[in-house]
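Open the model in your viewer and keep the selection tool ready. Each stop below says what to select and what is there.

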Amino acid sequence: QVQLVESGGGLVQAGGSLRLSCAAVGGMFSLYNMGWFRQAPGKEREFVAAIKWSGGSTYYADSVKGRFTISRDNAKNTVYLQMNSLKPEDTATYYCTRTRTSGTYFDTQQSSPGMYDYWGRGAQVTVSS
């Protein structure tokens with residue numbers, strides 16, 4: 001069984017920064033691509049960013065490109081999301097997730113929720129204007 005535990009959320013003013021962490025317990029973390037999604041109240045869950053199992057490739061939603069950075073430390077079984085220049089529209093619950101299969105080819109399909117099976121409980125990020 002795999003558990004994903006997010007941390008680092010909070011309240012920040014527009015223009016500020018936060019870093020989310022997601023620690024994985026169980027499973028072979030270093031073999032799987034990882035992703036971050038978010039969901040705002042009344043809206044569907046949307047893709048934010050993904051990173052290849054090796055850390056060698058990343059993919060971002062257009063809405064966060066240039067402001068957010070996804071990274072991972074396979075030795076610590078942890079994936080990160082550094083969020084800079086935050087905007088009120090970034091307010092949401094942020095979820096960490098792991099792909100269904102290991103060693104998957106990394107492409108734009110990483111933006112599809114169907115690619116993932118294990119999900120964390122989420123971390124709340126609130127950006128005030």
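Select D90 and R67. Their side chains meet in a salt bridge, with N to O at 2.7 Å. A salt bridge here is a side-chain nitrogen of Lys or Arg within 4 Å of a carboxyl oxygen of Asp or Glu. D90 sits in the loop between β8 and β9, and R67 in the loop between β6 (58-60) and β7, so the bridge ties together parts 23 residues apart in sequence. Strands are DSSP runs of E, at least two residues long; helices are runs of H or I of at least four; both are numbered from the N terminus. D90 and R67 are both buried. Buried means under 20% relative accessible area, exposed over 50%, and partly exposed in between, with a 1.4 Å probe and protein chains only.

Before moving on, note that this is a predicted model: local features need pLDDT of at least 70, side-chain atom pairs count only at pLDDT 80 or more, and totals for chains, interfaces and linings use all residues. Residues are numbered from 1 along each chain as its sequence is written, and side-chain values use heavy atoms, with hydrogens and water left out.

Together with R67 and D90, they are linked in a network of salt bridges. The structure holds 5 salt bridges.

Next, pick R98 and D117. Their side chains form a salt bridge with N to O at 3.8 Å. R98 is in strand β9 and D117 in strand β10 (residues 116-119), so numbered that 19 residues separate them. R98 has a relative accessible area of 8% and is therefore buried. D117, at 27%, counts as partly exposed.

Now go to D62 and K65. The closest N and O atoms of this salt bridge are 3.1 Å apart. D62 is exposed at 67% relative accessibility. K65 is partly exposed at 48%.

**T99**

Return to strand β9 and select T99. T99 is buried, with a relative accessible area of 1%. Its side chain reaches the backbone oxygen of T101 at 3.3 Å. This is a polar contact: a pair of N or O atoms within 3.5 Å, where within protein one must be able to donate a hydrogen and the other to accept it, and residues adjacent in sequence count only if both atoms are side-chain atoms.

Which residues does T99 contact, leaving aside neighbours within four places in sequence? Show Y32, N33, T104, Q110, M115, Y116 and D117. Contact means heavy atoms within 4.5 Å.

**Aromatic pairs**

Select Y116 with W119: the two form an edge-to-face pair, 6.2 Å centre to centre, with 65 degrees between the planes. Rings of Phe, Tyr and Trp (its six-membered ring) pair if their centres lie within 6.5 Å; planes under 30 degrees apart count as stacked, over 60 as edge-to-face and the rest as tilted. Y116 is buried at 1% relative accessibility. W119 is partly exposed at 26%.

The count comes to 5 aromatic pairs. Another of them joins F37 and F47, with ring centres 5.6 Å apart and planes at 75 degrees, so this pair is edge-to-face. F37 lies in strand β4 and F47 in strand β5, so the pair ties together parts 10 residues apart in sequence. F37 is buried at 0%, and F47 is buried at 10%.

**The disulfide**

Select C22 and C96. A disulfide joins them, S to S 2.1 Å. The rule is a pair of cysteine sulfur atoms within 2.5 Å, and the count comes to 1 disulfide. C22 is in strand β3 and C96 in strand β9, 74 residues apart. Is the disulfide of C22 and C96 left-handed or right-handed? The torsion about the S-S bond is about -75 degrees, so the disulfide is left-handed. C22 is buried at 0% relative accessibility, and C96 is buried at 0% as well.

**The core**

Then show the largest nonpolar core, which has 34 residues. Such a core is a set of buried Ala, Val, Leu, Ile, Met, Phe, Trp, Tyr and Cys residues joined through side-chain atoms within 4.5 Å. W36, V79, L81, M83 and Y94 have the most contacts inside it. Elements giving two or more residues include β3 (18-25), β4 (34-39), β8 (78-83) and β9 (92-99). The largest share, 5 residues, comes from β5.
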